[in-house]
Amino acid sequence: MKATNRGYTRRKWVNRLMLGLSSIAAGLAILILALILGYTIIHGLSYFNLNFLTQAAKPVGEAGGGMRNEIFGTLILVGLGSIIALPIGLLAGIFLSEYASPRVASVVRFMADILAGVPSIVVGVFVYAIVVRPMHSYSALSAGVALAMIMIPVIARTAEESLRLVPNSMREAALALGITRWRAVIGVIIPGAMTGIITGVMLAVARIAGETAPLLFTALGSQFGVQGLLKPIGALPLQIFRYAMSPYKSENQQAWAGAFLLVILVLGISILVRWVSNRKRI
Amino acid sequence: MNTIIPNLVIPDNQTKTVIDNNKGILDVQNLSAWYGKTLAVKNISMSIKSQAIMSIIGPSGCGKSTFIRCLNRMHEVSHGGRVEGCIMLDGKDIYARDADPVVIRRRIGMVFQKPTSFPTMSVFDNVAAGLKLTRFWSHKMELEEVVERSLRKAALWDEVKDKLNQSGASLSGGQQQRLCIARAIAIEPEIILLDEPCSALDPASTLKIEDLMRTLVEQYTIVIVTHNMQQAARVSDMAAFFLMDQDRSGILIEYGPTSQLFTNPKDKRTEDYITGRFG
């Protein structure tokens, strides 16, 4: 009797200990996020001003200057990446959910998950080899291709997941009306999955907006602003990287402001995602 | 016309529906259907005559739904769905190699057990879906005309004419089911298949749909699967009784005029089922 009682006490304490440990771990995860956000906001906000958004970079020693060109460059790169990745990712998601046989689907899904896990620096080097080298120039286009490669599996998988959530009865109802599979997908299935698809696309955008590694060998960065899609181009994360490594204090400060802007951008997209996905779940 | 169903004498009251055109005749020949390796429906032959209501009754799992889904090639949409035998629609096999299921389904419409109105579409677009999603471009005037006509035929127009722009999901279950019927008849099929259309509805809505079937049958051939024997007896002209065979596949036990099947069944098993001794 006594032995069981002792065992019970021990089990009770182990239970409390594990509960406590996992709570601490959860708290740490939140704390890290809070620290990153707080640190970048505190440091970045003090150097963040209108000039930062509207002016181009100035040589060291000159006062002022901003990241206008790099902000513009990031917008172009994200746009380029999305234009390439959106149709491919969406169609791949449709294939996975609507057309592929279970076996083919599981193979493709596995491949997509591996692609999503490829380190982004590898994607950058790969695009350097297949786009930059043959074209003999670093370019915005090649950076767009690299970013698209990172986006495609994310969009494809989220699109597939949300298409699968549309009840099968909707597919059958559409087919029973003598509608072809493709028109049923466009007219009935995709509208039903729209919220999830938009969420996936925005998550993919948030993911690539801050990517630096794939831009190192593709976009390169540029001191001359945006010169066209076939020329090197600056980007926010690249410039943060350069300025943060710089020995000059003024450039370090600019890097903080850039980091602040990037964090706000990604945070904004995440909040937008939550808003979109909560909106139509009645 | 009695030759459609040999060996059966159709009483006079069953022939009152005047068959002015012989479109929409289904002739099922040795039909078997599988799910993967499981035989679900075994060797069924029957003729379904035009402009009449044919009801299919039988206990759960006897292949009624599988059979009706074979009639417009919806069975093959299910995973592993496979069919053998042939079904002649006005003399042409719908399972022939050159037969396009999309075309077949436009001639043979279907309404499911659960209302399947498209929740992302308005009431109007739901009814127009069959037209809109099969063309590139539609005249608005034509769509309006078809939608109103179909909703009137489905006895739903008066209830929804002021909320054509609301979501289809905002209607009640019974209204949604009639919306689905309106959507099915908007593409002007010859035959309408109803797979337990009333099992999710209350008695009042059920009655409305039964009345609707009686008016629709003047233009369409109707095949209805039902769990409800009273419903089959009330609405149908012809009735088929399905049962599970020893190998758990569905077989046709008896097929004939409803009045005969319910008052004077030829098969002992039909009688047992109808009198409620099992099932």
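**A helix of chain B**

Modeller: α4(B) is followed by A155(B), a residue whose phi is positive, near 55°. The model is a predicted one, and the description below should be read accordingly.

The helix itself, α4 of chain B, covers residues 140-153.

Four residues of α4(B) are buried, namely V146(B), V147(B), S150(B) and L151(B). Viewed down the axis of α4(B), these buried residues fall within an arc of 125°, so they line one face of the helix. The spacing follows a general rule: an α-helix has 3.6 residues a turn, so residues three or four places apart point the same way. On the face of α4(B) turned away from the buried side are the exposed residues M141(B), E142(B) and E145(B).

The buried residues of α4(B) have packing partners within chain B: α3 (123-132), α5 (157-160) and α6 (173-186).

As for the contact between the chains, 15 residues of chain A are in contact with 21 residues of chain B. On the side of chain A that touches chain B, α7 (168-176) and α8 (181-209) of chain A each supply at least two residues. The largest share of that side, six residues, comes from α7(A). By class, the side of chain A that touches chain B comprises eight nonpolar, five polar and two charged residues.

How values were computed: Residues numbered from 1 in each chain as written. Chains lettered and ligands numbered in written order. Predicted model: local features only at pLDDT ≥ 70, side-chain atom pairs only at ≥ 80, totals over all residues. Contact = placed C-beta atoms within 7 Å. Nonpolar A, V, L, I, M, F, W, Y, C, P; charged D, E, K, R; others polar. Expected span 1.5 Å × (residues − 1). Buried ≥ 20, exposed ≤ 12 C-beta atoms within 10 Å, placed from the backbone. Arc of directions from axis to C-beta.
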